[in-house]
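Let's walk through this structure together, one element at a time. Have the viewer open as you read.

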Amino acid sequence: MREGQGLFWKLDGISIGLYMLLVLLGWMNIHSAAYQPEHEHFWSMDTEYGKQMLWIGSSMLILLFLLFLDGRLYERIAYPAYVLSLLALAGVLIFGSTISGARSWYTFGGFSLQPSEFVKCTTALALAKLFSKESSREGMSARSRWIAFALIALPILLILPQPDLGSALVFSAFLFVLYREGMSLTVLLGPIGIGVLFLLTLLLDKVWVFSGILLLSLAVAYFSRRRPGFWRGPLLMVALGIGVVLSVDHAFHQVLEDRHRNRIDILLGKAEDPKGIGYNTQQSLIAIGSGGLSGKGFLQGTQTRYDFVPAQTTDFIFCTVGEEWGFLGSSLVVLLFTALLFRLIFLAERQKSRFSRAYGYGVAAILFLHFAVNIAMTVGLAPVIGIPLPFFSYGGSSLWGFTLLLFIFLRLDAYRMLIL
Amino acid sequence: MNKALIVFLFFGLTCALFIGRLFDLQILDDRYALYANENVIRKERMYAPRGHIYDRNGKLLVSNVPAYDLMVVPSQTTAFDSLDLARLVSVAPTDLRSKLKKARRYSSYRSSAVIRQISARSFGALQEHLHRFPGFYVQQRAQRSYAHVGAAHALGYIGEVTEGFVRKNARYRMGDLHGVSGIEKAYEEELRGRSGARYIMVDVHNREQSAFADGAYDTLAVPGWDIHSTLDIDLQLNKPLFDRAVLAEYPPGSPFKLINALIGLQEQVIRPSSSFSCRNGFHAKGLHVACHCGTDRPVALRLSISKSCNNYYCQVFKKVIEKYPTAQEGLDMWSTHVRSFGLGNFLNNDLPTGRRGFVPNADYYDRALGYTGWGATTMISLGIGQGELVLTPIQMANMSAAIANRGHYFTPHIVRLIGDRKNKAFLDKKHTSIDPGHFDEVIEGMHEVFEKGTALASRHDSIAMCGKTGTAQNPHGQDHSIFIAFAPKDDPRIALSIIVENGYWGSRWAAPIASLMMEHYLTGKVARTGLKQRMVEGDLRAEYALAGPKQKQP
């Protein structure tokens, strides 16, 4: 079978359908959020929904272009692309322009690009390339392990000084790839456990947290007592746990900036400030909560139409969904995302090549982290972290970035039988 | 364990968590719908125009005129020439700048008043140029306008509510106006009307966007009732804000003799024909009350009135008191009769201020002098309207009206019509304790006051007037000139009391003024221009000078 033949039929229709649906729903909600009654025309290039249509159109061109490229190209250019994108990231710190406090953008005329959106894609490719070099289909060498950590850490280090905590956080999604490609569950549960420990330390008295760690370690030790060297894991847990708890105070008060601290305090319910820092979350909850079962209807959301919700076309776009389409609409969006993620994992697992599988996991993980953090933020389960909702949020860079991410994988999947 | 399964689990749990959270927010928790409405819906008050006030002849006394406030929404302003704007509204530029600073401090997005009550002329000039000052606009408010300078004390005035007032009266908001005194205060409920409400939707910057629910919940403002007062603006000449009619207390002096005559008749201690010889006054146990009636024949009722004989009334009073076994019982009976004329207590009329006056009873003298320490002669000056007795002018006028009506009165009130309804509170007839039959003889005496008595000089050729002069002793200066009167005699339409402070004898100032007012009220004009001129140009400085040294006392 030659590449290029019957391409259309080989592409995964379900994924493409979900992608199209999400993009279209996103556009509809951007239209609603950016709608101004004084603009009589349904369509105008001056509005965000007008521009978004332009981004959607150009994304279609990009994905068509991608589909006609040779799939093997990606494996070949993975490292150079990674290096190039890191250079672009380094460059933005020097030449970039500052938009809302972060130096994350290249501006060409009236048009801005955010390189960090594309680094997600190149990092996924680089990781996939790394694991494709392994001798067997499963497991990874110690060397690969360190290289993998380095590949993830480099972009984070370059993005943090912009500063863009949200985008940096997204790279932790690649832990899913590391888990799938050979590391133990600790790689996922560890950071989550540390995160939980972090919050517990801030919420509870340290004595309780210490006792909890101790009990949990004893339990783990008890259940694994038949294994040789079973005491090592729980001992590590205790040491790490106490270390984390002790550093949290220091970290929370010395390392984090006030704005982060405030957001966390509000999330934990330790501080309330509905007019100030808590305003975003409060208005977001009001928008979503006031939607009820079936919402207020298209263009009828008062929170969105009258600008009570901040960043309502970008990071808080889900508010519009919640307010105008209610529980039914917002649950549908959550389900559509989950369906796409399930589908991507399913596709990744059916790949013949390790490169494609690792890359597929990368795509799913990145989308998942964006989805999870964004929705959690709008429904008040996470502090305000400014990252877009994939395919939904207004913005060219993110839509292009996600399209690129997804369609490289769909292209790889279409010819999965070729690469052995 | 299959690694893919673990990842599915992660994704699936996240999905379940989100849907659960959405269910909680959107279905279980109904607070957020309220918050959303709170955010977006603004209730805007539609001010009700305050009712107008007319006099008894339908002349407009108080109405509303538009006033203009210059408002600003600081966030909507652009750079502008503050000198230019200050010139347009004719204020000092520094003033304007400090007002703007204050507005900005209050809120960038809400409007504040920068200049209040711009004159209509400045407003005209301003309106033409307002487009050059974005963020500024003019709000129309109603201001009270008084067509006449007279009767200010009765009409009262309005003012902005205080914080304490708002706390006690939930229907008022800061910045609202309310009646502070006079009719404006007493009839606040009727005059204020009911403000309406308009529900609008605003955006996050508090800018109006659209009507809420197409105005389904809006209510219109209900204008206040117009009020017709009992005042005749043409008879109102005084301007001060101290309303002497209800607030000043004077010893009533001789006019009070009428009451004593009526009590004497009612208690049957005298008959109209009973007479007492006056030997330059009343004499008893070293007590001497002088009299200037100048008659050497026995004085009967009518003559006692027209000549104001002191002796006659001391005798009558003594007889009334001594008719009873004890002075206590006698005085209490007397006091009850006096009070039945609406004297010595609040009239419970519709003005928010007033004094009781004072009508002594037995209790008072017991406390002052002891149970056995007093008798009819001790308090004999009550017989001639002096002593501890004090009344307000409105009470004296009421007394005059009760006599004119032959034994009943309506509580004096200043508002006749509310809208087109009669002021129901004052339609009850109040009866005095004197039988109507006793009045005619007293009224004849009052008529003779004009025909051949102390007010002969104020007599009118065609109107049968009745009156009684008085001179109230004033320890602080020249005595007060007092007169009560009503007319016409048989079908009375006006009753009044006149007090000219430091006016000396009742016949000198008070009687002519009363006569002129009754003429004006009954005929619509004053034919006796000479008398009127004398009164209008009258000068009391001579009287003040006369009382020179006494005046320095408080």
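First, some ground rules. This is a predicted model, where local features need pLDDT of at least 70, side-chain atom pairs count only at pLDDT 80 or more, and totals for chains, interfaces and linings use all residues. Residues are numbered from 1 along each chain as its sequence is written, while chains are lettered from A and ligands numbered from 1 in the order in which they are written.

Begin with chain B, where three strands make an open antiparallel sheet in the order β1-β8-β9. Strands here are DSSP runs of E with at least two residues, helices are runs of H or I with at least four, and both are numbered from the N terminus; two strands pair if DSSP finds at least two bridges between them. Because β1 (41-46) and β9 (208-211) of chain B each have a single partner strand, they stand at the edges, with one side of each left without a neighbour in the sheet. Between β8 (residues 196-202) and β9 of chain B there are three bridges, and Met201(B) has Ser210(B) in β9(B) as its bridge partner.

Now turn to chain A. The axes of α2 (residues 13-34) and α15 (residues 317-349) of chain A come within 10 Å and cross at roughly 160°, with axes fitted to C-alpha atoms over the stretch in contact and angles running from 0 to 180 degrees between N-to-C directions. That makes α2(A) roughly antiparallel to α15(A), a label for angles over 145 degrees.

Conventions:
Angles under 35 degrees count as roughly parallel, over 145 as roughly antiparallel, 65 to 115 as roughly perpendicular and the rest as oblique.
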